[in-house]
Amino acid sequence: AAELEELLFRDKLSESTTSLWGSGAGRINNVRLAAEAIDGIVLMPGDEFSYNTALGKRTPERGYMLAGAYSGGETVQEYGGGICQVSSEVYYCALYANLKITARTCHMFPVGYLPAGLDATVSWGGPDFAFRNSRDYPIKIVTSYNDDTNELTCTILGTKVDDHYVVMTNAVLASYDYQTVYQESPDVAPGEEVIDQYGHTGYHVRTWRNIYDGDGSLLSSRVEADSHYDVGNKIILVAPGYLPEDNA
């Protein structure tokens with residue numbers, strides 16, 4: 001069995017490593033649990049992988065902690081916050097392994113750990129991320145979190161049958177500037193300003209999947225996805241009665 005596995009998963013089809021630098025303990029815990037949940041999953045040709053199915057519901061009973069997540073245009077605390085970094089890395093690797101994507105939704109706002117258009121958000125009861133093993137041989141997902149480097153790594157192993165490789169490209173088709181909005185808060189002292197939310201520029205990004213042969217000749221190029229990232233206004237809190245005149 002060990003020899004067969006070594007033969008089937010001898011080639012690295014794709015790999016991605018992203019940093020969790022600056023993340024809190026809750027987010028790191030959730031990323032580690034998500035990575036452990038999908039590590040070692042094997043997909044036979046034609047099998048479909050569902051991220052939500054693989055992880056199950058993110059609850060405190062299952063070890064998930066509160067961490068930041070996007071909801072309703074704001075950053076909120078929810079159990080399992082941060083696991084989208086894992087789903088995004090798997091999406092990235094699935095693209096570069098030239099697998100068929102069957103379900104994918106971009107984040108509300110652009111993420112900082114992967115290029116725009118190459119992320120995949122998930123939510124229990126909401127968006128899922130899924131792909132199919134559209135290759136001729138089994139593939140294996142390998143994921144891990146490194147405590148020493150604060151890095152998450154995802155690898156897809158399988159069997160290469162040719163020298164073809166994937167290059168993903170993207171283009172910003174439109175961008176939308178955010179506004180600065182002032183809101184009153186009884187927790188802010190008179191004359192002070194507290195940033196409650198940093199601004200996010202909105203984008204419409206299109207990605208292409210380009211396949212080359214070993215000599216660098218382009219074999220095919222097709223649109224992979226259109227990703228629409230919302231505008232997030234910058235919110236500044238001031239004491240009651242201290243709203244700027246143009247914001248009152």
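Helix α2 is followed by Gly 40, a residue whose phi is positive, near 90°. The helix itself, residues 25–38, has 14 residues and reaches 21 Å from its first C-alpha to its last, which is close to the 20 Å expected at 1.5 Å a residue; that expected span is 1.5 Å times one less than the number of residues. Helices here are DSSP runs of H or I with at least four residues, strands are runs of E with at least two, and both are numbered from the N terminus. This is a predicted model, in which local features need pLDDT of at least 70 and side-chain atom pairs count only at pLDDT 80 or more, while totals for chains, interfaces and linings use all residues. Residues are numbered from 1 along each chain as its sequence is written, and side-chain values use heavy atoms, with hydrogens and water left out.

The buried residues of α2 are Gly 26, Arg 27, Ile 28, Asn 29, Asn 30, Val 31, Ala 34, Ala 35 and Ile 38. Buried means under 20% relative accessible area, exposed means over 50%, and partly exposed lies in between, as found with a 1.4 Å probe and protein chains only.

Strand β1, residues 11–19, contains Thr 18, which is buried because its relative accessible area is 5%. The side chain of Thr 18 is joined to that of Gln 85 by a polar contact of 2.8 Å, and to the side chain of Glu 89 by another of 2.4 Å. A polar contact is a pair of N or O atoms within 3.5 Å; within protein, one atom must be able to donate a hydrogen and the other to accept it, and residues adjacent in sequence count only if both atoms are side-chain atoms. Elsewhere, Gln 197 lies in strand β12, residues 194–197, and counts as buried because its relative accessibility is 11%. A polar atom of the Gln 197 side chain lies 3.0 Å from the backbone oxygen of Asn 233.

The aromatic rings come next, and the structure holds five aromatic pairs. Rings of Phe, Tyr and Trp (its six-membered ring) pair if their centres lie within 6.5 Å, and planes under 30 degrees apart count as stacked, over 60 as edge-to-face and the rest as tilted. One of the five pairs is that of Tyr 91 and Phe 129, which is edge-to-face, with 5.6 Å centre to centre and 75° between the planes. Tyr 91 lies in helix α4 (residues 84–96) and Phe 129 in the loop between β6 and β7, so this pair ties together parts that are 38 residues apart in sequence. Tyr 91 counts as buried at 1% relative accessibility, and Phe 129 counts as buried at 0%. In the pair of Tyr 165 and Tyr 212, the ring centres are 5.6 Å apart and the planes are at 15°, so the pair is stacked. This pair links distant parts of the chain, with Tyr 165 in strand β10 and Tyr 212 in strand β13, 47 residues apart. Tyr 165 is partly exposed at 36% relative accessibility, and Tyr 212 is partly exposed at 21%. Ring pairs also link Phe 49, Tyr 91, Phe 129 and Phe 131 into a cluster.

Side chains of opposite charge can pair when their charged atoms come close. A salt bridge is a side-chain nitrogen of Lys or Arg within 4 Å of a carboxyl oxygen of Asp or Glu, and by this rule the count comes to seven. Among them, Arg 104 and Asp 119 meet in a salt bridge of 3.6 Å, N to O; both residues are in the loop between β6 (100–103) and β7 (130–132), 15 residues apart. Asp 119 is buried, with a relative accessible area of 0%. Asp 226 forms a salt bridge with Arg 206, the closest N and O atoms being 2.9 Å apart, and the pair links strand β14 (residues 218–229), which holds Asp 226, with strand β13 (residues 202–212), which holds Arg 206, across 20 residues. Asp 226 is partly exposed at 33% relative accessibility, as is Arg 206 at 27%.
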